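Have the viewer ready as you read.

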Amino acid sequence: MLHSQSHENISFFQPSAFLLIGIPGLEAMHGWISIPFCSMYTLALTGNCLILLAVRKTPSLHQPMYYFLSMLSLTDLGLTLCTLPTTMAVLWFDYRHIAFNACLVQMFFLHSFSVVESSVLLAMSFDRFMAISNPLRYASVLTNSVIGRIGIAIVTRATVPFLLKRLNFCPEKIQLSHSFCFHADMMKRACADITVNILYGLYVVLSTGFVDSLLIVFSYGLILHTVMGLASPKERARALNTCVSHILAVLVFYIPVIGVSIIHRFGRHAPPIVHALVAYVYLVVPPVLNPIIYSVKSKHIREAMLRLLRRKS
């Protein structure tokens, strides 16, 4: 039995804990479902750690493009570590409780790392624009100090307030829809006016995901304009090939973001399993695929990772 926290106003209720859920309707199969989840988490942690080590230990990779890739890998590690403990606890041990404050902290880092990922992808599109449109000024513009300031701006932008702390929750609505704490899911458990939360959620989506995606599309419009001005078809293909990894990373991130936004706003009558699967795709799949994309498409990253593995063995 979950008891409310003590407050001076007895009509104000906040649960001491929430109940998490794994895959709705497939609880009996959680043991088997944990195998692919464990594999994906292992791949995400291993792949992103290898990229970070490869960039750090290979002097030839100490370039703006790979510094931004390191930021992306660090963000993916953060996203993975946010959901791994509670998801695997539910799937392995059927441990479903999470303390109210712990839930807020998890939600804070989940949404912060999501904003960071969007911002890093935008910074990477600027990096590609500078490298292709103005290669002679590339190194002088994207210096280490400039990259450091961009990193600080990204982290500052990602700070989100604890707006849920002020809400009065319903005692009978303590079960969440996922194995982690999601803002859109938690605010629906409140027995109070959540207009501020809805407006803030909309503001975050518009000011980060929507604006970032528009700027990324705009930067690629400029890149395409520059590439089309190159005389040689071989040069055009080479220039566009340097963007393929980033374009795939953008699609891997933004397609699930759009799916989650649509499901939470318009999919009220969708089966619970649909909500769960879309959220897992959004949070688990990008950290798994990004290292694979960059190791396959980038020869320098692939060779540096292979050297690391040979050294380990």
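This is a predicted model: local features need pLDDT of at least 70, side-chain atom pairs count only at pLDDT 80 or more; totals for chains, interfaces and linings use all residues.

Residues are numbered from 1 along each chain as its sequence is written, and side-chain values use heavy atoms, with hydrogens and water left out.

**The cavity**

- The structure holds 1 cavity of 30 Å³ or more; a cavity is a set of points, on a 1 Å grid over the protein atoms alone, where a 1.4 Å probe fits but cannot get out.
- The largest cavity has about 60 Å³ of space, a volume being the space filled by probe spheres set on the points, which are joined across faces, edges and corners.
- Its lining (residues with an atom within 4 Å of a point) consists of Pro64, Met65, Phe68, Met124, Asp127, Arg128, Thr242, Ser245, His246 and Tyr294.
- Two or more lining residues come from each of α2 (64-93), α3 (100-133) and α9 (244-266); helices here are DSSP runs (H or I, at least four residues), numbered from the N terminus.
- By class, the cavity lining has 5 nonpolar, 3 polar and 2 charged residues, where Ala, Val, Leu, Ile, Met, Phe, Trp, Tyr, Cys and Pro count as nonpolar, Asp, Glu, Lys and Arg as charged, and the others, Gly among them, as polar.

**The pockets**

- A pocket is an open set of points with protein on both sides within 12 Å along at least five of seven lines.
- The lining of the largest pocket divides into 20 nonpolar, 9 polar and 3 charged residues.
- About 480 Å³ lies in the second largest pocket, where Met65, Tyr66, Arg128, Thr242 and His300 are the closest to the centre among 19 lining residues.
- The lining of the second largest pocket has 8 nonpolar, 7 polar and 4 charged residues.

**The disulfides**

- The count comes to 2 disulfides, taking a disulfide as a pair of cysteine sulfur atoms within 2.5 Å.
- Cys103 is joined to Cys181, with S to S at 1.8 Å, and the torsion about this S-S bond is about -115°, so the disulfide is left-handed.
- Because Cys103 lies in helix α3 and Cys181 in the loop between α5 (144-157) and α6, the pair ties together parts 78 residues apart in sequence.
- Cys103 is buried at 0% relative accessible area, and Cys181 is also buried at 0% (buried means under 20%, exposed over 50%, partly exposed in between, with a 1.4 Å probe and protein chains only).
- Cys170 and Cys191 form a disulfide with sulfur atoms 1.3 Å apart; its S-S torsion of about 125° makes it right-handed.
- Cys170 is buried at 2%, whereas Cys191 is partly exposed at 39%.
- In sequence order, the bonded cysteines pair 1-3, 2-4.

**Cysteines without a partner**

- The sulfur of Cys49 is 15 Å from the closest cysteine sulfur, in Cys82, too far for a bond; Cys49 is partly exposed at 35%.
- Cys82 is in no disulfide, with the nearest cysteine sulfur, that of Cys181, 11 Å away; Cys82 is buried at 13%.
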